[in-house]
Amino acid sequence: MRYDYVIVGGGHNGLVASIVLAMHGARVAVLEARGKVGGESSDGEYMGVRYPRVAYALGLFPRDLASFIGLDLDSAVYYSNPSWVAVEDGREWFRRWLSDDKVEREFDALGLLREYRELRKYIRGFNECSRAKGILYTIDPPSLEEAGELLEECMEGLGRMTVEDWERGLGRIIPGEAWGLFTFPTLYSEPGFASLYINMNEGLWGQPRGGMNSFTGQLYSRAIALGVDVYTGKRAARILVDGGRARGVATVEGKVFEASRGVLLSTSILCLPKLLEGENLERYLSRRERRLLEDYARIRIPLVRVNFVTQREPRPPTSRDYRPVPIVSINGGNLWGEASYPTMNDPALRGPKGLHAVTFSGAFIGSSIQEIGEALGIHEPEWVDVVDTGEGYCNPNGLPSQVPMTRHSLLNSRPLKGWGNYRTPIPGLYHGAASSHPGGEVTGIPGHNAAIRMLADSGVKPKSPLIKQSS
Ligand SMILES: Cc1cc2nc3c(=O)[nH]c(=O)nc-3n(C[C@H](O)[C@H](O)[C@H](O)COP(=O)(O)OP(=O)(O)OC[C@H]3O[C@@H](n4cnc5c(N)ncnc54)[C@H](O)[C@@H]3O)c2cc1C
């Protein structure tokens, strides 16, 4: 099996990378361990009912990238109006409407219009400047401090807000009670960059039309149409390193996929130690790098990702009978997280038995899974799917970003210091997944950038209009 490039991991980033490489005429293989592509962006199924198994909302995949790789976002995503609502202690208190005017009215009703406008100014500034300055689409990200300087050139205060922790910078604009409308508690004491990045959609989240598999299915079809060989059910066991360079991948069955130009690890970087023989791990990664990877894998955050299947139509904890049902952000009691109700919106997902599915993602301190179900309006579920993102996705923390987005693991230091250029210390071995720059969520940017890096290192002039050619 001889290819120019071999990609380990058929998640959305691996598929995006394969498309970009194939668009440049390369022979590409994607090896996916599971029976289907999509990774954390794919559906689960029980008795014919389909539901998003890990990621459930789409909103950060950029239009410019979609248009470059030929992905029709409008057919992949639908938006309910409001797109999501926030419920606290059983009371619905905020709605993220589709129109700007109505969002402003919502903040006005909370007495936070001025504060919202101020925060939005930075979010919009970041969207524009990070592209103009080549901070998002890049194969050589700057350091956090350099990114701050570049963004400050675009807009006064933006650089400082990017570098400062949320709680000392952007978080000072808006009162603490409303922080949850903009960012995750895990990012409160991290640089504003992380929160600005996950707000690129100005908080507007859609849901996958026809299930998450329809979205990743589009990426898959595009890759196949470009001649990519996508192998499902093929688990990589080892990265083959010979003569000081990554030469290919061996699967658990012992099949070898040779890569003449490069191997891309497109799964969490926490998969890397397992894929390198002990000898190569010690030879190429410093003691500090090995220790950091171990430390990342050891962090435990009480996050749960659970899906319920139920016979009866659930009653979302919203104050109105919205159709389609928005995503519901729930805070109160022992629960903090988000629920989505895919089958109430799309009857085709219900399967022959007409079952319903409800997804929940978040933290629960001391609550049982049954209590979570009850808070979401489900009594006596038919089936409960508690997802272990460590098993299979090398994401034991259950973080959307696979490895945390801290001051020490952003931009040119993501996932480790000096690795932000998508290279690893092993020549010919690259990384490009949510654990790479610019970070997690379904954005495809890490996959795109990693592919461009691999092309540039192979001496191919990348055609992507998104990347600054000088980089
Ligand atoms: C609980 C939770 C909820 C989330 N919700 C959202 C959301 O609503 N919206 C959003 O935008 N983002 C969400 N995210 C984040 C998003 O799901 C991820 O950032 C994104 O899907 C990661 O994509 P990826 O392609 O980088 O990696 P993955 O999707 O993890 O893909 C990696 C692939 O590699 C495969 N693989 C692993 N090891 C091997 C091997 N040895 N050989 C071959 N293949 C292998 C895996 O099977 C997998 O398919 C959520 C994440 C979590 C954890």
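**A helix residue and its setting**

Tutor: Leaving aside residues up to four places away in sequence, A297 touches L270, P396 and N397, where contact means heavy atoms within 4.5 Å. This is a predicted model, in which local features need pLDDT of at least 70 and side-chain atom pairs count only at pLDDT 80 or more, whereas totals for chains, interfaces and linings use all residues. Residues are numbered from 1 along each chain as its sequence is written, and side-chain values use heavy atoms, with hydrogens and water left out.

A297 belongs to helix α12, which covers residues 287-298. Helices here are DSSP runs of H or I with at least four residues, strands are runs of E with at least two, and both are numbered from the N terminus. With a relative accessibility of 28%, A297 is classed as partly exposed; buried means under 20% relative accessible area, exposed means over 50%, and partly exposed lies in between, with a 1.4 Å probe and protein chains only. A297 and K36 stand 261 residues apart in sequence, and their C-alpha atoms are 25 Å apart in space.

Another partly exposed position is G244, with a relative accessible area of 28%. G244 sits in the loop between β10 (236-242) and β11 (245-251). Its contacts, not counting residues up to four places away in sequence, are with Y284 and P427. Between the C-alpha atoms of G244 and G432 there are 21 Å, and the two are 188 residues apart along the chain. R91, by contrast, is exposed, with a relative accessible area of 54%. R91 lies in strand β7 (residues 91-96). From R91 to E391 the separation is 300 residues in sequence and 36 Å from C-alpha to C-alpha.

Most residues other than glycine have a negative phi, and most peptide bonds are trans. C394, which is not a glycine, has a positive phi near 50°. C394 is placed in the loop between α15 (390-393) and β18, and with a relative accessible area of 8% it is buried. Y422 likewise is not a glycine, yet its phi is positive, at about 75°. The loop between α15 and β18 also holds Y422, which is buried with a relative accessible area of 0%.

Two peptide bonds are also of interest. The bond from R323 to P324 is cis, with omega near -10°, and P324 occupies the loop between β13 (303-310) and β14 (327-332). The bond from H437 to P438 is cis as well, with omega near 0°. P438 falls in the loop between β18 (429-431) and α16 (445-457).

The interior is described by nonpolar cores, each a set of buried Ala, Val, Leu, Ile, Met, Phe, Trp, Tyr and Cys residues joined through side-chain atoms within 4.5 Å. The largest such core has 90 residues, among which L21, F61, I69, L181, F182 and F215 touch the most other members. Helix α1 (residues 12-23) gives the most to this core, contributing eight residues. Apart from residues up to four places away in sequence, L181 touches W84, A86, W93, F94 and F107. A second, separate core has 31 residues, including V8, L31, V249 and L272.

For the chain as a whole, the secondary structure comprises 16 helices and 18 strands. The radius of gyration is 22 Å, close to the 23 Å given by the globule rule for 471 residues, so the chain is as compact as a globular protein of that length. That radius is taken over C-alpha atoms, and the globule rule is 2.2 Å times the number of residues to the power 0.38. Along the principal axes, the C-alpha atoms fill a box of roughly 65 × 55 × 40 Å. Of the 471 residues, 59% are buried. Among contacts with a separation of 6 or more, 70% join residues 24 or more positions apart.
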